[in-house]
Amino acid sequence: MSTSATTSIPMLRERPAWKALSKHYEEIRTRHLRELFAEDHARGERLVAEGAGLFLDYSKNRITDETVKLLRQLADESGLADRTAAMFRGERINVSENRSVLHIALRMPKSESLIVDGVDVVAEVHEVLERMAEFSERVRSGAWTGHTGKPIRSVVNIGIGGSDLGPVMAYEALRHYSNREMTFRFLSNVDSTDFVEATRDLDPEQTLFIVSSKTFTTLETMTNARSARDWALAALGDEAAVAKHFVAVSTNAEKVTEFGIDTENMFGFWEWVGGRYSMDSAIGLSTMLAIGPERFRELLAGFHDMDEHFRGAPPERNLPVLMGLLAVWYSDFFGAQTVGVMPYEQYLKRFPAYLQQLTMESNGKHVTLDGRPVDYDTGAIYWGEPGTNGQHSFYQLIHQGTRLIPVDLIGFAKTLNPLRDHHDLLMSNVFAQAEALAFGRTEAEVREEGTDEAIVPHRVMEGNRPTNVILAGQLTPRSLGALIALYEHSVFTQGVIWNIDSFDQWGVELGKALAQRIIPELESESEPELSHDSSTNALIRRYRTMKRG
């Protein structure tokens with residue numbers, strides 16, 4: 001294991017910067033953003049940072065220069081610089097699985113190298129990327145044909161978790177750049193409805209399935225893959241058709257061959273790629289098919305831009321570091337349980353769902369790297385919807401509710417679809433919401449509007465609700481890559497402060513294991529002997545009775 005990863009770090013509450021922050025919090029917690037802005041007229045121009053084509057305004061946070069100084073000190077005491085360097089060197093910072101964490105290698109230029117255990121992983125990455133590009137060009141051009149000689153016009157990605165959320169988010173985000181003559185669907189839920197609706201209007205002769213499972217044994221993915229195989233063969237009739245309508249993103253050549261897929265059409269990835277960090281690996285094959293290899297390379301370049309910014313920018317100008325430290329500030333001092341992410345760009349409608357896995361699977365941990373129980377909160381709940389829809393639903397709670405919810409507002413200077421004054425109206429809401437959340441409306445301001453006295457309390461908005469505003473020029477593959485990497489490294493920063501392993505996910509495994517045990521108890525023709533708790537036993541019996549009825 002990496003020495004850097006396992007070196008004992010004092011528990012969070014024992015670090016000097018944490019103790020100083022605790023005292024500082026008591027001094028600042030009641031201060032209002034109205035007061036902070038009144039004292040510093042340059043605050044909005046000063047508390048900003050820029051990198052990899054993204055601009056961050058973090059001035060509307062409940063912080064002072066002292067807060068930022070102490071948070072940076074906490075990062076130093078937590079070993080952020082050393083842990084970052086260890087990750088970029090390929091050390092095994094995923095302690096519980098004894099693995100390197102090298103999603104950053106997935107987007108390194110071909111001219112670079114990174115030697116891990118004697119192997120240049122960048123060279124391996126580009127070998128796979130070149131095979132993906134060659135395959136994508138053949139499919140997109142019509143040179144690759146299905147079993148009956150017809151070109152592929154529909155692509156269905158079958159995966160779950162990171163094998164689904166990344167590709168579907170990227171497709172929706174970059175739909176503007178996609179081949180509109182092709183249809184793309186994403187199948188993940190083992191619920192049969194998901195399969196039926198995904199394939200209902202597709203032509204089996206012109207449909208290609210991408211089965212994404214590293215081991216080729218993932219229960220949900222392989223259940224859907226077998227149903228897809230049955231669906232295709234019901235129309236095409238010949239077992240040989242499987243090789244023309246299925247490809248695999250996997251490392252299990254034996255299982256892939258058993259399924260009927262030619263291993264020439266198997267695209268691999270590595271144990272140092274976690275599922276939620278894998279959309280820029282072969283897991284992104286559907287993305288490359290949609291937008292083409294050149295645009296996919298632009299996406300990778302955006303990731304790499306942010307990687308280099310994170311690795312090289314000083315903390316006070318480092319976007320992921322600032323956002324990660326602010327997330328810790330609100331979670332562990334203000335007791336904020338959730339973070340809202342509101343992209344004011346319809347193409348990013350699946351971005352909050354993607355971030356849910358990235359953030360919560362990474363940092364939903366209850367022990368430190370060396371196995372000690374934590375006595376502080378880790379892993380906030382991330383959620384969100386595109387603006388302006390949320391303003392007419394849940395923003396009410398953010399503005400006037402009793403819970404503090406920090407919000408990230410994401411906007412773009414230019415729209416991909418100019419139409420009358422739509423974009424200016426959209427962006428006016430980004431700036432208006434940040435202003436309203438920060439400064440609110442006082443009783444005096446409400447009364448000045450001539451409001452009936454009985455209504456005044458209902459119209460007062462306290463404000464002092466923190467926001468980050470993230471701006472980019474336009475939504476492109478490159479800016480999307482930078483945006484995703486921004487959150488990846490923010491998550492890493494938070495995990496380092498909390499001294500947890502952000503790259504394992506043991507909590508996902510228990511439910512899967514129990515489900516495997518329960519499946520035969522649901523399917524058995526005879527009444528099975530059940531040995532679960534009384535509730536689970538009763539539910540299984542009730543389900544079996546209802547199923548027979």
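**Close-up 1. R465 reaches for the backbone oxygen of G401.** In this predicted model, the side chain of R465 comes to 3.3 Å from the backbone oxygen of G401. The R465 side chain also reaches the backbone oxygen of I398, this time at 2.7 Å. R465 itself sits in the loop between α20 (456–459) and β13 (467–472). With a relative accessibility of 7%, under the 20% cut-off, R465 counts as buried. Leaving aside neighbours within four places in sequence, its contacts include L33, K60, H399, Q400, R403 and L437.

**Close-up 2. R15 is a buried arginine with no salt bridge.** Look for R15 in the loop between α1 (3–6) and α2 (16–28). The nearest side chain of opposite charge belongs to E77, and that is 6.1 Å away. A salt bridge needs the nitrogen and oxygen within 4 Å. What R15 does have is a 2.7 Å polar contact with the side chain of S78. Not counting residues up to four places away in sequence, R15 touches I9, P10, L74, E77, S78, I497 and N499.

**Close-up 3. D307 and R107 pair up while buried.** Their side chains meet in a salt bridge, 2.7 Å from N to O. This one ties together distant parts of the chain: D307 is in helix α14, R107 is in the loop between α6 (80–89) and β3 (115–116), and 200 residues separate them. Both D307 and R107 are buried. They also belong to a salt-bridge network that links R107, D280, D307 and E488. Across the whole structure, a search turns up 35 salt bridges.

**Close-up 4. R72 and E316 form a salt bridge across 244 residues of chain.** The N-to-O distance here is 3.5 Å. R72 comes from helix α5 (residues 65–77), and E316 from the loop between α14 (293–312) and α15 (319–332). R72 counts as partly exposed at 32% relative accessibility, and E316 is partly exposed at 29%.

**Close-up 5. Helix α23 has its buried residues on one side.** N537, I540 and R544 are buried in α23. They cover an arc of only 65° around the axis, so they lie on the same side of the helix. Cover for these buried residues includes α22 (509–523). The face turned away from the buried side carries exposed S534, L539, R542 and M546.

Definitions and conventions. Residues numbered from 1 in each chain as written. Predicted model: local features only at pLDDT ≥ 70, side-chain atom pairs only at ≥ 80, totals over all residues. Heavy atoms only, no water. Helix = DSSP H or I, 4+ residues; strand = E, 2+ residues; numbered from the N terminus. Buried < 20%, exposed > 50% of the residue type's maximum accessible area, 1.4 Å probe, protein only. Lys, Arg positive; Asp, Glu negative; His and termini not counted. Polar contact = N/O pair within 3.5 Å; in protein donor to acceptor, adjacent residues only side chain to side chain. Contact = heavy atoms within 4.5 Å. Arc of directions from axis to C-beta.
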